[in-house]
Amino acid sequence: MRNPVTLLIRALVFGLLLTGSLFGQNASVSGRIVDSQGGSVPAAKITLIQTATNRAVQTQSNPEGYFRLPPVPPGGYEMKTEVTGFAASRLTGITLEVEE
């Protein structure tokens, strides 16, 4: 059986890599939070923190587990996810870039 926290982290990476999009000169990050069974995780608190400035943006997953963060400038980030019933997770070393 897989660790549900590991799957939660993988869901975030999937969101960053596959549904990140460009919005002007900012990056937009979205994705879906799922549990170890692939079920939606509603009401997850997602925080994206710019490492150079400590500026943070937050959102919450909807009833289907989907989330979309506000557009952010390119740079280095880390992402935290907190959900009742799960250990908090953190992804570090995230780089968001804008292509010209």
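Lysine 45 counts as partly exposed, at 36% relative accessibility, and in this predicted model its side chain meets that of glutamate 82 in a salt bridge.

**Charged pairs**

- Side chains of opposite charge can pair when their charged atoms come close.
- By the rule used here, the count of salt bridges comes to 2.
- In one of them, the side chains of glutamate 82 and lysine 45 meet at 3.7 Å, taken from N to O; because glutamate 82 lies in strand S7 and lysine 45 lies in strand S4, this pair ties together parts that are 37 residues apart in sequence.
- Glutamate 82 has a relative accessibility of 35% and therefore counts as partly exposed, and lysine 45, at 36%, is also classed as partly exposed.
- Another salt bridge joins the side chains of glutamate 78 and arginine 90, with an N to O distance of 2.0 Å, and this pair links distant parts of the chain, since glutamate 78 is in strand S7 and arginine 90 is in strand S8, 12 residues apart.
- Glutamate 78 is buried, because its relative accessible area is 18% and buried means under 20%, whereas arginine 90 counts as partly exposed at 45% relative accessibility.

**The largest nonpolar core**

- The largest nonpolar core has 17 residues, and those with the most contacts inside it are Val29, Ile46, Leu48, Leu69, Met79 and Leu96.
- Strand S4 (45-50), strand S7 (75-82) and strand S8 (89-96) each supply at least two residues of this core, and S8 gives the most to it, with 3 residues.
- Isoleucine 46, which is among the core residues with the most contacts inside it, touches several residues when those up to four places away in sequence are not counted, including Ile33, Val57, Phe67, Leu69 and Met79.
- The contacts of isoleucine 46 also include Gln58, Thr59, Gln60, Ser61, Lys80 and Thr81.

- The side chain of serine 28 makes a polar contact with the side chain of arginine 68, at 3.4 Å.

Conventions. Residues numbered from 1 in each chain as written. Predicted model: local features only at pLDDT ≥ 70, side-chain atom pairs only at ≥ 80, totals over all residues. Heavy atoms only, no water. Core = buried A, V, L, I, M, F, W, Y, C linked by side-chain atoms within 4.5 Å. Buried < 20%, exposed > 50% of the residue type's maximum accessible area, 1.4 Å probe, protein only. Helix = DSSP H or I, 4+ residues; strand = E, 2+ residues; numbered from the N terminus. Contact = heavy atoms within 4.5 Å. Salt bridge = Lys/Arg side-chain N within 4 Å of Asp/Glu carboxyl O. Polar contact = N/O pair within 3.5 Å; in protein donor to acceptor, adjacent residues only side chain to side chain.
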